[in-house]
Amino acid sequence: FFFDYDGTLSPIDVERSLAYPPKKNLDMLVNLRSRGFITAVISSKDCNFLLSRSLIIDGIACINGVEIRALGRVIFDERVFDQGRREIFLRLVRETEDRISKRAYIEKKIVSIGYIVGISIDWRSRGDKPFEIDELIDLFKKHSFVVNRPDDMPFVDILLFNIDKSSAVEILRRLFDLDEVIYFGDSFNDVSAFRVANKRVFVRHKYNKNIKLESDYIVGFDELADWVINYSTTYN
């Protein structure tokens, strides 16, 4: 059982410091593992954030799979080590902080060896969207950095390089020698993971009610834990 984090395990409409899964979702993860299922989280958040969220799971793929932790191993995408690209990215991050840090929260996506490989610009707790956002995005795009801007969402993710969640699903599948993966997600960022999973569950909430993704099941955010437990009993 592989899960996205924001909007799937944890509410999407809260700021970073409050983004914790409800207890029933944490208990659901423990229940799955106690019955021998492999569990993992694949998220755009970095590992420092996810590891602080009391997730009792077998594997974790951070920043869409830039860093993967499982079975006592840490795996990095080799593009993390491109120093020249990192220096340009860091310069633009500093410019972004100088211009809008008082009107938006800038979350740095940092791998465990200390390199910044992405940021999230989040204004959901600071009011209206900063007017400079579009200009700053254009600066990052000019240097071929990757911008993920979900429709109608009060945040934007910018990454050092393009990576989608499908590679994380496949790596974790091979590491654990899994015959079947069921993936849970709530946004277009999960489409690539849906593509390579055996079963796909779209988690519905008020912020994605206008999104249509090809999936096998649709489950409400508040119903997720009960649905997973009921579904998993079909394997027993």
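Predicted model: local features only at pLDDT ≥ 70, side-chain atom pairs only at ≥ 80, totals over all residues.
Six positions of H3 are named as buried, namely Arg-86, Phe-89, Leu-92, Val-93, Thr-96 and Ile-100. These residues are on the same side of H3, because the arc that they cover around the axis is only 130 degrees. An α-helix has 3.6 residues a turn, so residues three or four places apart point the same way. On the other side of H3, by contrast, Arg-94 and Asp-98 are exposed. The cover over the buried residues of H3 includes strand S6 (105-110), strand S7 (116-122), helix H4 (133-142) and strand S9 (155-159).

Several of these strands belong to an open sheet of four strands, arranged in the order S6-S7-S9-S8 with antiparallel pairing. Since S6 and strand S8 (146-148) stand at the edges and each has a single partner strand, one side of each is left without a neighbour in the sheet. From one strand to the next, the twist averages 20 degrees. The antiparallel pairing of S6 with S7 extends over six bridges, and within it Ile-121 of S7 is the bridge partner of Ile-106. H3 packs on this sheet, where it touches S6, S7 and S9, and the direction of the helix makes about 25 degrees with that of S7.

With a relative accessibility of 0%, Val-203 counts as buried. Its C-alpha atom is separated by 8.5 Å from that of Tyr-217, a residue 14 places away along the chain. When neighbours within four places in sequence are left aside, the contacts of Val-203 include Gly-7, Thr-8, Phe-184, Gly-185 and Asp-186, as well as Asn-208, Val-219, Gly-220, Phe-221 and Leu-224.

His-205 is found in the loop between S11 and strand S12 (217-220), and this residue is likewise buried, with a relative accessible area of 12%. The side chain of His-205 makes a polar contact, at 2.7 Å, with the side chain of Asp-186. Apart from neighbours within four places in sequence, His-205 is in contact with Gly-7, Ile-12, Met-153, Asp-186 and Phe-221.

Technical notes. Residues numbered from 1 in each chain as written. Heavy atoms only, no water. Buried < 20%, exposed > 50% of the residue type's maximum accessible area, 1.4 Å probe, protein only. Helix = DSSP H or I, 4+ residues; strand = E, 2+ residues; numbered from the N terminus. Arc of directions from axis to C-beta. Contact = heavy atoms within 4.5 Å. Pairing = 2+ DSSP bridges. Axes fitted to C-alpha atoms, helices over the stretch in contact; angles between N-to-C directions. Polar contact = N/O pair within 3.5 Å; in protein donor to acceptor, adjacent residues only side chain to side chain.
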